[in-house]
Amino acid sequence: MRVFLNGREVTSEAVITRDFFTYRPPQPLPSGRHEALLEFTNTQGVTRRVSWSFTVGSPVRASIDLVTTPAIAPCQQARSCW
């Protein structure tokens, strides 16, 4: 099996077993469209190529301004929660 991402062979960086493969890029992929390609030979000796594309969205920055929980009041009353 050979694994390609955006036209670059990444087979040596992939984990390939008899049943599955995984690949995690060393750095996060940039936003935008990406192309994946697998080239493999099946059990009958026929070589196949399978490709697909996917899109990575832009990161979203979020902030938490306030967190409240009902558990705070009992802890304050008991003066110990630990």
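Visitor: Is E39 buried or exposed?
Guide: In this predicted model, E39 is buried, because its relative accessible area is 18% and the cut-off for buried is under 20%.

Visitor: Where does E39 lie?
Guide: E39 is part of strand β5, residues 32-41.

Visitor: Which salt bridge links E39 and R2, and at what distance?
Guide: The two side chains meet at 3.3 Å, N to O. R2 sits in strand β1 and E39 in strand β5, 37 residues apart. R2 counts as partly exposed, at 35% relative accessibility.

Visitor: What about R49?
Guide: R49 also forms a salt bridge with E39, with the closest N and O atoms 3.1 Å apart. R49 is in strand β6, ten residues from E39. At 57% relative accessibility, R49 counts as exposed.

Visitor: Which residues do shared partners join into one network?
Guide: Salt bridges with shared partners connect R2, E9, E39 and R49.

Visitor: How many salt bridges are there in the whole structure?
Guide: Five. One of them pairs E13 with R8 at 2.8 Å, N to O. E13 is partly exposed at 34%, and R8 is partly exposed at 44%.

Visitor: Changing topic: what order do the strands take in the open sheet?
Guide: The order of the four strands is β2-β1-β5-β6, with antiparallel pairing.

Visitor: How many bridges join β1 to β2?
Guide: Two. F4 stands opposite E9 in β2.

Technical notes:
Residues numbered from 1 in each chain as written. Predicted model: local features only at pLDDT ≥ 70, side-chain atom pairs only at ≥ 80, totals over all residues. Heavy atoms only, no water. Buried < 20%, exposed > 50% of the residue type's maximum accessible area, 1.4 Å probe, protein only. Pairing = 2+ DSSP bridges. Salt bridge = Lys/Arg side-chain N within 4 Å of Asp/Glu carboxyl O.
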